[in-house]
Amino acid sequence: LSSEEVAKLAIAALEDVKAQDIVSINVREKTSVTDFMVIASGTSSRHVKSMANEVLDKVKEQGVRPLGSEGTASG
């Protein structure tokens, strides 16, 4: 999958669990670490944990191995 497709997959996963204020930022010109940052907010720490886990599950289903994630432990 291309980086654009992974970002779209993450956004779709976030939409499925009712994430709020979803924003995708193209950072290709700013960093060599990643091409896109996807940021979203939730209604509670439990909701944010669920959002993070949903994104991880969806990208793993497509064979993408995440290099890191935030939000799964503390929300």
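This tour goes through the nonpolar core, a surface patch and the salt bridges, in that order.

The model is predicted, so local features need pLDDT of at least 70 and side-chain atom pairs count only at pLDDT 80 or more, while totals for chains, interfaces and linings use all residues. Residues are numbered from 1 along each chain as its sequence is written, and side-chain values use heavy atoms, without hydrogens and water.

Start by selecting Ala 10, Ala 13, Leu 14, Val 17, Ala 19, Met 51 and Val 55, the seven residues of the largest nonpolar core (a set of buried Ala, Val, Leu, Ile, Met, Phe, Trp, Tyr and Cys residues joined through side-chain atoms within 4.5 Å; buried means under 20% relative accessible area, exposed over 50%, and partly exposed in between, with a 1.4 Å probe and protein chains only).

Next, select Val 23, Ile 25, Met 37 and Ile 39, which form a nonpolar patch on the surface (residues with over 30% relative accessible area and no salt bridge, nonpolar side chains such as Val, Leu, Ile, Met, Phe, Trp and Tyr being joined within 5 Å, and like charges within 9 Å).

Finally, turn to the three salt bridges (a side-chain nitrogen of Lys or Arg within 4 Å of a carboxyl oxygen of Asp or Glu). Glu 4 pairs with Arg 28, with the closest N and O atoms 2.4 Å apart, and Arg 28 also meets Asp 35 at 3.7 Å, N to O. Lys 58 and Glu 54 form another salt bridge, at 3.7 Å.

Conventions:
Accessible areas come from the Shrake-Rupley method with a 1.4 Å probe; for residues, only the protein chains shown count as cover.
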